[in-house]
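Trainee: Could we go through this chain together? I would like to begin with the overall picture.

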Amino acid sequence: MREREEPKGFISWVAAKDRKTYKGCPVAPDRVKVYFNLQKDCLSVIDAETGLLYCHSHRVELHNAKFRVQEAGRQRVIREKRKNVHAYIIGDWHNEGEVSKTRFRKRGEIIEEYRICECEDDYCEKCVPESGEEFRGGYYNPYKYKTFVDDIEKTPIFKSERVVVRDKTAVGPHYNIFYTPKKKK
Ligand SMILES: [Zn+2]
């Protein structure tokens, strides 16, 4: 598990300030943009509605996601040979945080923690969904591709029902982007 210090200026999900309310209650954004934060070496989560930073993260699960590359930004990377933020994944915010074997649920007025799987020292597909066989790896290299691409087949990825994005320091397999490809009919 993660033991190093958080980078300077890291705003955790817990520390993120609510910027919207729904029926009087503060809520987190529904739809977010996630990109790799190169300075802090983590993920930045942007509220897609307001365009404001919501929090930083090491692992985010998005549903109903789209992969976007802004071509002008990509051209600038090629020209200047310097990284800039022009590629991101936008989706419905489903889950955030380290891989965990437990979840929380509401029982009446009580919030209780419960285990989602029985695996012991290791991890399984329940506690690390992105290790499941329905997931494939993806990545983005502005010098080689105009889009995010599948790790192995190098085919473009434009959207996915379910995506897990992780920074380099998260536990488990080394890929940063896991996605479920569209089912073949
Ligand atoms: Zn497990």
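Predicted model: local features only at pLDDT ≥ 70, side-chain atom pairs only at ≥ 80, totals over all residues.

Trainee: How many helices and strands does the chain have?

Mentor: The chain has 1 helix and 14 strands; these are DSSP runs numbered from the N terminus, with helices (H or I) of at least four residues and strands (E) of at least two.

Trainee: Which residues have the most contacts inside the largest nonpolar core?

Mentor: They are Val34, Leu43, Val45, Leu62, Ile89, Val163 and Val165, in a core of 27 residues. Such a core is a set of buried Ala, Val, Leu, Ile, Met, Phe, Trp, Tyr and Cys residues joined through C-beta atoms within 7 Å. Buried means that 20 or more other C-beta atoms, placed from the backbone, lie within 10 Å of the residue's own.

Trainee: And how much of the chain is buried?

Mentor: Of its 185 residues, 24% count as buried.

Trainee: Changing topic, which strands does strand 10 join?

Mentor: Strand 10 (residues 136–139) runs antiparallel to strand 14, with 3 bridges between them. Gly137 stands opposite Phe178 there. Strand 10 also runs antiparallel to strand 11 (residues 148–150), joined by 2 bridges. Two strands pair if DSSP finds at least two bridges between them.

Trainee: What is the bridge partner of Gly138 in strand 11?

Mentor: The partner of Gly138 is Asp150.

Terms used. Residues numbered from 1 in each chain as written. Buried ≥ 20, exposed ≤ 12 C-beta atoms within 10 Å, placed from the backbone.
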